[in-house]
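Here is a short note for a colleague opening this entry for the first time. Please look over the sequence and the model before reading on.

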Amino acid sequence: MAFSALVLLVLLSLGGRSWSQTDTPATAQPPWGCGPGLSRAYTALCDLEAVWGVVLEAVAGGGALACLVLGVVLLVRLRSIAEPEKRSGVGPLLLLLVALMGLFGLSFAFLIEKNEALCLVRRSLWGALFALCFSCLLAQGWRVQRLARKGRNTAGWALMALALALTAVQVIIAAEWILLTVVREGQPACRYQPLDFALACTYVLALLLTALAVSGLALCGKERLWRCNAVWLFIACLVSVLLWAAWLGFYLYGNKALGQALGRDPDWDEPALAVALVSQGWLLLLFHAIPEAHFCLRPAPQPSAPDYFDTTQPPHLRETSFDEDLPLSHRSYMENQAFSFDEHSAALRAGGYRNGNMGIRTSIPFRSNVYQPTEMAVVLNGGTIPSAPPNYTGRQLW
């Protein structure tokens, strides 16, 4: 965060220099990098002497392109996502990518010299786009929390409806603010206090803090598969909270001090707002959108067949699986052979065999080197008793 704050101050100082340079008459030479026929309102997009506008334009364009590519990849690979738990997160993720593209696009409105129409667009879309982003985070947090703690899934369309319903509240707030100040009181759309602009974003901050709390609850789940999603979501919400705290502190207090230090009126707020838009867009893209897309597109692990000869498995698992996988004919044959083996052993201990009407026939003494096939040997030979090697003296017993 210290590095981000340093970058913010550098860009804003360059922005102050550029604002002081734009107060030149219309007949002056165009800035270096801009064509002679370009209007003064668009000079921040190409002025190479004040680099902040060109850098911000490139970063915002790269973020919008990354969101577009990621959204196309998700739509193309949607049919390959077979798990319902993963498919339910694709809808809110696509909605978040649309909102991020809106954030990157809105930053260009702060690179252009403001007028009444442009100020109406800024005031109406600023809170609405941020509310849509944080509503998608809240919906994803609710989904991950249910999967991690209760093992229950939520439909993707329900999550998208929840995000859109939460965003509609901020749209109503922005519309009432514009109607009260511009239409009813007749104030210019570009004239408003920074505190009023910050208070109009109170609902947006409430959504962000709620998403942070829900993602924190998801970290306490028992399912380890969804803890990774919860961790990335919690990091995205936490970094967003820190960014908003830094931006509000600078916008309400530091902006005036920096303007006075640069010899400017504290009226110039376009650099602060533009940097906040681009920074928030890239943070959500890196810490939530890309990890969540990777998890949705990752193939499910294939279940491996149990190895009955693996001695590292528990004995009850090997015995149960081995007995269940045997055919019925082999199982009955093994039971009959086990019974005949027990009968043979009992006859040897009794000293002879009973042969019908001839009475008990004495048997030869039992020798330990008689070939006795095991149950595993019977199964591996297709259920037939293998013949003993010729060099065994106990062959006549079979």
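1. The model is predicted. An unreviewed UniProt entry annotates "transmembrane region" over residues 52–78, 90–112, 124–142, 154–177, 197–219 and 231–252.

2. Two of these annotated stretches can be set against the model. Residues 154–177 are 92% helix and 0% strand, with the end C-alpha atoms 35 Å apart. Over residues 231–252 the chain is 100% helix and 0% strand, and 32 Å separates the C-alpha atoms at the ends.

3. How do helices α2 and α4 cross? The axes of α2 (residues 51–76) and α4 (residues 90–107) come within 9 Å, at a crossing angle of roughly 160 degrees. Because of that angle, α2 is roughly antiparallel to α4. Their crossing is left-handed.

4. On the α2 side, the contact is made by Ala60, Gly63, Ala64, Cys67, Leu68, Leu70, Gly71, Leu74 and Leu75. Helix α4 contributes Leu93, Leu94, Leu97, Leu100, Met101, Phe104 and Ser107. By type, the residues of this contact are 13 nonpolar, 3 polar and no charged.

5. How many disulfides does a search of the whole structure find? It finds 1. The disulfide is formed by Cys119 and Cys190, with their sulfur atoms 1.9 Å apart. Cys119 lies in helix α5 (residues 116–149), while Cys190 is in the loop between α6 (156–184) and α7 (194–199). The pair, 71 residues apart, links distant parts of the chain.

6. The torsion about the S-S bond of Cys119 and Cys190 is about 100 degrees, so this disulfide is right-handed.

Technical notes. Residues are numbered from 1 along each chain as its sequence is written. This is a predicted model: local features need pLDDT of at least 70, side-chain atom pairs count only at pLDDT 80 or more; totals for chains, interfaces and linings use all residues. Side-chain values use heavy atoms; hydrogens and water are left out. Axes are lines fitted to C-alpha atoms, for helices over the stretch in contact, and angles run from 0 to 180 degrees between N-to-C directions. Helices (H or I, at least four residues) and strands (E, at least two) are DSSP runs, numbered from the N terminus. Angles under 35 degrees count as roughly parallel, over 145 as roughly antiparallel, 65 to 115 as roughly perpendicular and the rest as oblique. A crossing is left-handed if the near helix is turned anticlockwise from the far one by less than a right angle, and right-handed if clockwise. Contact means heavy atoms within 4.5 Å. Ala, Val, Leu, Ile, Met, Phe, Trp, Tyr, Cys and Pro count as nonpolar, Asp, Glu, Lys and Arg as charged, and the others, Gly among them, as polar. UniProt positions are given in the numbering used here, feature names are shortened, and annotations may be inferred rather than shown by experiment. A disulfide is a pair of cysteine sulfur atoms within 2.5 Å.
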